Structures are given as C-alpha cells and as structure tokens.
Amino acid sequence: MVHRKWIFALFLFLSVPCALADTVETTQKAVTQNNPELEKRVMDLSSHLRCLVCQNQTIADSNAELAIDLRNQVREKMQQGQSDQEILDYMVKRYGEFVLFNPLVKSTTWLLWFGPLLLLILGLGILIFNLRKRRKLMQHAPVLSAEEHTRAASLLSGNDEAHS
Amino acid sequence: MNRFLIPLGIFIVLVVFLWVGLSLNPREIPSPLINKTAPAFELPQLHEPNKTIRPEDLHGKVWLLNIWASWCVTCREEHPLLVELAQKNIVPIYGLNYKDQREEGLALLRESGDPYILSAYDHDGKVGIDWGVYGVPETFVIDKSGLIRHKFIGALTPELIQNKLIPLVKELNGA
C-alpha cells in the first residue's frame, strides 16, 4: 500500500510540468487559430533569427522573454504588410548581422562557409599523397626467393627449425 | 626533426586560437547603431505618465541613456555607481525603464536614489527593441548631434566609468 502511495505522488509530481506546458500550448494555440497562415510565416521567419539571450537558439525555438517580444514584433510587421526581407533588414539594423541565424556569405565569412570544404580537400590531398607513397614503397619492396618464403612460413608458424 | 616540429606548430596555433577565442565575451555583440542617429521615440515619463520624453529634446548636449528595470539584478548592482556618477555632474543620465511595472520602478528609485534626470517608461519593450536592447543593463552614450557613440553592455564598473565613460564624455564635449 505504501508503495502505491509513493507511485501516485511521483505521478502527480511528474504531471506538473505537463500541466504547465499545456497552458503555454493553449495560449499559443489561441494565437495560431486566429490566423494559422500568418503564424506559419511568423515561425518560418523567426527560425532565421537568432535569440540574443540564448544565442544557440532561434527566436522561433526560444521562449525567452526577448524572443517572445521579437516574435510579436515580427508578427506585427507582417500584419502591417512588410515583406520578409524588410523585417530581416529591420532586425539587422538594430541587432547587427549576428541576429541572422545563417551568416551572410561575404568576404569576411568565406572562411566560415568554405573552411570545412577546404579542410576536406586538404585531407583528401594528404590521403592521396600517402597512398601514392605507399604504392611506390610496395613496388620497390624486395621480392623473396622460394627458399626465403618457406623460412618465413616456418617462422610464422612458430617452429623455426633452423634455429632450434 | 619534422616529426616534432609539425605537431608543436599545430599545438601552438591551437593555443593561440583558444587563447584569443576564449577571452572574447560572446554576450557582447557589437551594436550596429554606433555612430548612427539615436532611434526616435516618444514615451511617457516614469514619474509623470502624462508627460512624454523624446531624444530629440536633448539635442545639443552629450547624455547617457541607461536601460534599467527593477527586476534586473545587475541593474541594482550598477545603481549606486550611477547615483555616484550623477552627483559628479559630469553628464546628464536619462533612464529607460524597460519592461517594468511603474510602481516597482518608482519604488526602486525611492529606495536607492534616483540618478536620472528623467526616466522614460517603456512598458512593452518596443523602444528597447528599436535600440537593439537584449540584456539590461545597457548604457548608451549620445553626442551633441544625436548620434550614438558608444554602448556599454551589462553593468558599468568603476573602472569602465573612470577609464572609458568619463574620458569619452569629455572628448565629446570638446573639453
């Protein structure tokens, strides 16, 4: 009986966050049901904007207060009929290019964008160089005579008669 | 010889990169608003809701805009420094009370002193967004022609005020 009580308590405890999550979801649903198309556009664009408080998240993923405010700002601008690009420009003007989740491709970010490709090419180059070198070494490896072959075989099998 | 030199070289390069990289503060994002005109706004004052405050009205003087809130712990740490700076009469400090409750903001000023000539009341944080605010406290230095010349992100420290803020204000005042 005691066990059952504890399990019940545990369930209650675990269900608290779920209940809280529910309320968040319902308020968000209320917004979404108003205009699902607009909301989709808001979320799409928000996923291109960095949340400056929790920098590895986009403002679409984050529930930080600033992220919510910025989403509202995005929604408002869309309702005013602004294009996605206009809204991105608006954000960049205030928060800098860092606010774009995908960095722009320009001369200062070339290394960032193409660096991994460069490393891959470098790695492939080293690999090919080493494979070639190895093949050359193999070609110049001394060829064993039949006698040496049998000796090697007996050495490998562990009964080296010549020395025992 | 090469066997040791190459790994050593790679190691040194790595150390230099980490040394520089880890000493950077990722929270400090350079503001694109530096040397741009301060974004305009017209907000109710914190003390007197029926009066407004506009940056244009401050044209012709060097001033500070300090973004603060009663819920922001770092702002409370910074607060005594602002009070002290205000007493020195070096530069007028204006406040932007960011996403706060009016009563709580006023209570903080009553308890710990009011360093601000005036505080604007930005309840929904819209003006904050316009100014690119993402972490309070932030302090902007605005020059006589209304350009933002510097932004301090996070709390001011006695060193920052002494070595950076005051010299900058003096320079902008042409003294």
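View 1. Put together, chain B and chain A bury about 1,400 Å² between them, with 50% of it on carbon and sulfur atoms. Buried area here is the accessible area (1.4 Å probe) that two parts lose on being put together, summed over both. On the chain B side, Ile29(B), Ile129(B) and Tyr134(B) lose the most area to chain A, together 38% of what that side buries. Counting residues, 15 of chain B are in contact with 16 of chain A, where contact means heavy atoms within 4.5 Å.

A quick note on reading these views: this is a predicted model, in which local features need pLDDT of at least 70 and side-chain atom pairs count only at pLDDT 80 or more, while totals for chains, interfaces and linings use all residues. Residues are numbered from 1 along each chain as its sequence is written, chains are lettered from A and ligands numbered from 1 in the order in which they are written, and side-chain values use heavy atoms, with hydrogens and water left out.

**View 2. Salt bridges across the interface.** Between chain B and chain A there are 4 salt bridges, each being a side-chain nitrogen of Lys or Arg within 4 Å of a carboxyl oxygen of Asp or Glu. Helix α4 (residues 126-130) of chain B gives the most to the side of chain B that touches chain A, with 4 residues; helices (H or I, at least four residues) and strands (E, at least two) are DSSP runs, numbered from the N terminus.

**View 3. Lys99(B) and its two partners.** Look for Glu65(A), Asp69(A) and Lys99(B), which are linked in a network of salt bridges. Lys99(B) meets Asp69(A) at 2.4 Å, N to O, and Glu65(A) at 3.3 Å, N to O. Lys99(B) sits in the loop between β4 (93-98) and α3 (102-112) of chain B and Glu65(A) in helix α3 of chain A, so this pair joins two chains. Lys99(B) counts as buried at 16% relative accessibility, whereas Glu65(A) counts as exposed at 53%. Buried means under 20% relative accessible area, exposed over 50%, and partly exposed in between (1.4 Å probe, protein chains only).

**View 4. Arg94(A) facing chain B.** Arg94(A) is found in helix α4 (residues 84-95) of chain A and is buried, at 14% relative accessibility. Leaving aside residues up to four places away in sequence, Arg94(A) touches Pro32(B), Leu33(B), Ile129(B), Asp130(B) and Gly132(B).

**View 5. A salt bridge inside chain A.** Over all chains the count of salt bridges comes to 14. One to find here is between Arg75(A) and Glu39(A), whose side chains meet at 2.6 Å, N to O. This pair links distant parts of the chain, 36 residues apart: Arg75(A) is in helix α3 (residues 65-79) and Glu39(A) in helix α2 (residues 36-46) of chain A. Arg75(A) is buried, with a relative accessible area of 16%, and Glu39(A) is buried too, at 9%.

**View 6. A salt bridge inside chain B.** Asp143(B) pairs up with Arg149(B), with the closest N and O atoms 2.8 Å apart. Asp143(B) counts as buried at 6% relative accessibility, while Arg149(B) is partly exposed at 30%.
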